[in-house]
Amino acid sequence: MRRRKSTFRKFQHNNTNDGNGIENSDKTYISKDIEVNKEIIEKRVGLGVSFDTGVRTLEILGKQVQIYFVNGLCDMTAITELLKELMKLDARDRETPYVRDAIENHLTHVQVEYKETLEDCITDMLSGLVFILVEGEEKAFVLDVRNYPGRSPQEPDNEKVVRGARDGYTENIIENTGLTRRRVRDERLRHEILQVGVRSKTDICISYIEDIADPNLVDIVRKELEAIELDGLPMADKVVEEYIVNQAGNPFPLVRYTERPDVAAVHLYEGHVIVMVDASPSIIITPTTFFHHVQHAEEYRQAPFIGTYLRWTRFLGMFASLFILPLWLLMVLEPQLLPDALEYIGPSEDTNVSEFMQIAIAEFGIELMRMAAIHAPSPLTTALGLVAALLIGEIAIEVGLFTSEVILYVALSAIGTFATPSYELGIAIKILRFILLIAVVSFQLSGFVIAATILLLLLVGIRSLDKPYMWPFLPFDGAALWQILIRTTVPSLRRRPSIVDPQDPIRQSPE
Amino acid sequence: MNKVSVYNQKVAIIGFFGGLIWSCVGYAAFSLNFTKMGPAMAMLPWALPQWKETYLGHLVGIFFLSLLSVVVAFIYRLLLQKWESIWIGIGFGVFLWFVVYYLLHPLFPGKEPITSMNFSNLSTTICLFVIYGVFIGYSIAYEYSEMQRNEA
């Protein structure tokens, strides 16, 4: 037992050494002696230890040929096809001094690359490509036979529309760039790819349209991405977001996410820069302001009039979600503030629990319910709904814990939160509401007013990628604000939003 | 020359809408009894008929304040446009508040002076002026720096 442990440790030790070797970029060139290569690769990727890596050795025209692969990431039919062709070549058995050329001519694949170092080969292999070593040769053939496990495009759950495209981004970055390019057939669309993460080597793609997007912005984003030093990015886009924008202590979302290729394309045409991270269907739109989070694709699928109506309903809902509870609590605590027309507001009977505690408990209950609904498996959600409705609704009132008014306003706020198009913004508004409630219960009217002012000033002070967060409201830009208040018709949109500093500010060229 | 006139136009718009938006908010605060100073206060110095005390007075007050704000915006543009900082705006707001409620107090017959205002009345009016100041100040400073950047 002890011996085993020590060999394990030794093995680990070796591995870390190798890891360092990769980082120090000491390149190992492919040796002419194929057995030497095999030994190095075996040690590096743990052939025989990891069951999903493999090598297939063939004897072709008298030379040894090795095909290295990772079986979970490759298209096996493509490899079989390849093997078949190579075997046929061998079966014909014509003597030739140019074995390498003969093999190259029989690689049944459109894309063949040549690599000279084992590091490149191994990285490719671990990305799902295969590489082929031929005895006595110093170059490897690399063939792209990737076939990643994944789903096909589906409508994203949290950005549904009644009409319009039903496809959504997937976890596959290649498919995602394809989905974008389907909508932007512009030769100037750029998909820059770079790899981040010392161990994970995650692909990240920066997309922009070259003659629209602000080159400075592209540079900033690229530099921020290149500066990321991490083992890996298993949480993909979220990690990238935290590196691009410094978000500590700020509950507000500083970038916009979308899973809809049409939304992404709209933003590309406006001059935004988009960041896609492999293995995540959410893509990042930069730069973002507060008001990017209150719009929804559905508005642009309806007539402008209806779109405006939808938007105003949503604004009102969000506004109510933020202010109605604190205002109600204020009116309860200081009834003399109530205008004559609203005198009926306020609890009519005395309760055992203070209004603030009622609100706090109800909010806590709703928050729990929301979390439970996310995590509960679907057969249980019906039961959950029943329990929640009964407990929080009827029975809590009958027991005398809650007054019905509290339930009404808490429910209204909760619905407003759910109607916020951006999930992140919804939660941030919930936090603001809670701060306002605490301010009201501690200092009544002046607490409410001062807290609201400070929160607004803090929001105004946020700069994400050096763009003011509350633009176009504050700093005020009338034309841009008009486009947020009113869903204008597409033909009337002449200019791109100035916040992205577009190189070409006019949407439709005059010709 | 052209750029400057575009800039001036923007300053005027910022001033007008700053006055419009925040005097509307002030009217809302007045309706909820947060403060006793509604936009109609701007109408008090003028010898007008009785309607200046009703909601009509507030509406006219909102309009008058919007126009007055254009002047305020140009004052800011002349004095403080170079500093793109929220604090300048806050200071500007507090200064305006002081001017209106202390220096100009004799103009508003029937309104209590600063010294006898209660705390909630005080905080509501100060906060409103602070946000108004930031709105005007930050917007103008942003437009100014945008104009400078585009020239460079």
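Colleague: Before we look at any single feature of this predicted model, what share of the 511 residues of chain A counts as buried?

Modeller: In this predicted model, 48% of the 511 residues of chain A count as buried. Alongside that, residues 24 or more positions apart account for 64% of the contacts in chain A with a separation of 6 or more.

Colleague: How many helices and strands does chain A have, and what does its radius of gyration say about how spread out it is?

Modeller: The secondary structure of chain A comprises 15 helices and 12 strands. For 511 residues the globule rule gives 24 Å, whereas the radius of gyration of chain A is 30 Å, well over that value, so chain A is more spread out than a compact globule. The C-alpha trace of chain A spans about 105 × 75 × 40 Å along its principal axes.

Colleague: How should I read a pair of packed helices, and at what angle do α11 and α14 of chain A pack?

Modeller: In general, the angle between the axes and the distance between them describe two packed helices. Here, helix α11 (residues 355–375) of chain A packs against helix α14 (residues 423–461) of chain A at an angle of about 165°, and their axes lie 11 Å apart. Because angles over 145 degrees count as roughly antiparallel, α11(A) is roughly antiparallel to α14(A). The crossing of these two helices, α11(A) and α14(A), is left-handed.

Colleague: Which residues of α11(A) and α14(A) meet?

Modeller: From α11(A), the residues include Phe356(A), Ile359(A), Glu363(A) and Arg370(A), and from α14(A) they include Tyr423(A), Lys430(A), Phe434(A) and Leu437(A). Sorted by class, the contact of α11(A) with α14(A) has 10 nonpolar, no polar and five charged residues.

Methods
Residues numbered from 1 in each chain as written. Chains lettered and ligands numbered in written order. Predicted model: local features only at pLDDT ≥ 70, side-chain atom pairs only at ≥ 80, totals over all residues. Heavy atoms only, no water. Axes fitted to C-alpha atoms, helices over the stretch in contact; angles between N-to-C directions. Helix = DSSP H or I, 4+ residues; strand = E, 2+ residues; numbered from the N terminus. Parallel < 35°, antiparallel > 145°, perpendicular 65-115°, else oblique. Left-handed = near helix turned anticlockwise from the far one by under 90°. Contact = heavy atoms within 4.5 Å. Nonpolar A, V, L, I, M, F, W, Y, C, P; charged D, E, K, R; others polar. Rg over C-alpha atoms; globule rule 2.2 N^0.38 Å. Buried < 20%, exposed > 50% of the residue type's maximum accessible area, 1.4 Å probe, protein only.
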